[in-house]
Amino acid sequence: MSKPSPFSAVAAIVQKDLSAEFRSFELISAMLVFSLLVIIIFNFALELDVVVRQSVTAGVLWTTFAFAGTLGLNRSMSVEKDRGCMDGLLLAPVDRSVIYFGKAVSNLVFMLVVEAIVLPVYSMLYNVNLFRLDLLGVLVLGSVGYIAVGTLLSTMSAQTRTREILLPILLFPVAIPVLLASVKASGGLLAGAEFSEILTPLNILIVYDVVFIAIAFMVFDFVVEE
Amino acid sequence: MISVKKLVKRFGLKTILRGLDFSVAAGEFVALLGPNGAGKTTFLRIIATLARPSLGLVKIAGHRLPDEAAQVRAKLGVVSHLPLLYPDLTAEENLKFYARMYGVANYELRITEVLEMVGLEKRRKDLVRTFSRGMQQRLAISRAVIHDPEVMLFDEPYTGLDQDASEMLDDVLRSVAAEGRTVVMTSHDLARAEDLATRFDVLSRGVIVASATRDDIKQTNLLAFYKQALEN
């Protein structure tokens, strides 16, 4: 038996999660139904003209994705914890951070799949063009940051009985910088702001992503061990 | 193969293991007995590197915990009362996942071998959620041996199994032990432990209170030895 490479182990975790999810659609369907419900409710609640609709787009989208993402994060870790499968992952002869990266990549894929479905629906309902490379780039950066910190905190909260309540309480305050920066950057792009005006939120996004991925890499071992 | 000296484990203010000493030679099959709350599962979780000792020295297959935990995990196979299997994956997909996590080369062949060992080769393409409890436990054993570990840990493996499933598990455990692996098993089923193990240790209130080999208890029986150990 040879020692598994970290990349091979991360790929195995991602493949396992994707295979299970695309067989059951438990996680994505919950996130998707919630997201579509939220944007439809906002569509009726905010009966505004086109200009105003465009100005609220960033806020509506990131509110939707934040709550849907939290649903997905809770579910993703609950699946591992409830059947003891987290122990199965922890028993593997790999660095524990491999488990974190594998789960984070899986969670990111699920979130991006939901975003890819929600965006066209939103565009159609609100008559706002969201298919721009720069906007999609901000979407990815924001999602990476949210999932990076969310995967770490959902691993912590999954070990408690009150995980559904605890995760949002832990996650939302910590995710404020990435959410605000994502809203600012997205809103600026949609409003046609100068690049210099959205440079600050973009920098915040990049720094946040790097910092929290590094923090998760360093502390994940201590989070999962009894 | 396993050497534990003055092991202490605390959870907050509560001390579960209180200076436990324990050792297992290569190839031994040790049944770890004890009442509920004695610390058996906690002890097994520490050996399995799922929990960190508060104090004490733990060495497994020459590697020291917690510093060399990854090396220890490569030589361990663990079966608990939970199967550690993904219900929405097939038996084959579960084993493929674990084979990749353990770096097993040519895992397709190895998957077939371990499925045949536990009698589940014909169910390899079926989802685990369609398996009975007994079948899941057998698949869990194949998961645990897929990387050919030197040391096997079983934590209450008979939990929830009916008579037929328990007898099948007996056969599998005997074949695992016959391959020369070192085995530590916790169980409340004294009859099964007496049939399978070569040594019996009793854990009570966080320490080993008695230890006997199969020859030692020939004059009486395991139940008498166990009760005597707890009374003392």
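Residues are numbered from 1 along each chain as its sequence is written, and chains are lettered from A in the order in which they are written. In this predicted model, local features need pLDDT of at least 70 and side-chain atom pairs count only at pLDDT 80 or more, whereas totals for chains, interfaces and linings use all residues.

**View 1. Helix 4 of chain B (residues 107–117) and its buried residues.** B:Y107, B:R110, B:I111, B:V114 and B:L115 are buried (20 or more other C-beta atoms, placed from the backbone, within 10 Å of the residue's own; exposed means 12 or fewer). They lie on the same side of helix 4 of chain B because they cover an arc of only 130° around the axis. B:E108 and B:L109, on the other side, are exposed. Helix 3 (91–101) and helix 5 (133–145) of chain B are among what covers the buried residues.

**View 2. Helix 5 and helix 6 (residues 163–178) of chain B.** Their axes, lines fitted to C-alpha atoms over the stretch in contact, come within 9 Å and cross at roughly 10°. The two helices are therefore roughly parallel to each other (angles under 35 degrees). Residues in contact (C-beta atoms within 7 Å) include B:I141 of helix 5 and B:L169 of helix 6 of chain B.

**View 3. The contact between chain B and chain A.** Chain B contributes 27 residues and chain A 25 residues. On the side of chain B that touches chain A, the largest share, four residues, comes from helix 3 of chain B.

Methods:
Arc of directions from axis to C-beta. Contact = placed C-beta atoms within 7 Å. Axes fitted to C-alpha atoms, helices over the stretch in contact; angles between N-to-C directions. Parallel < 35°, antiparallel > 145°, perpendicular 65-115°, else oblique.
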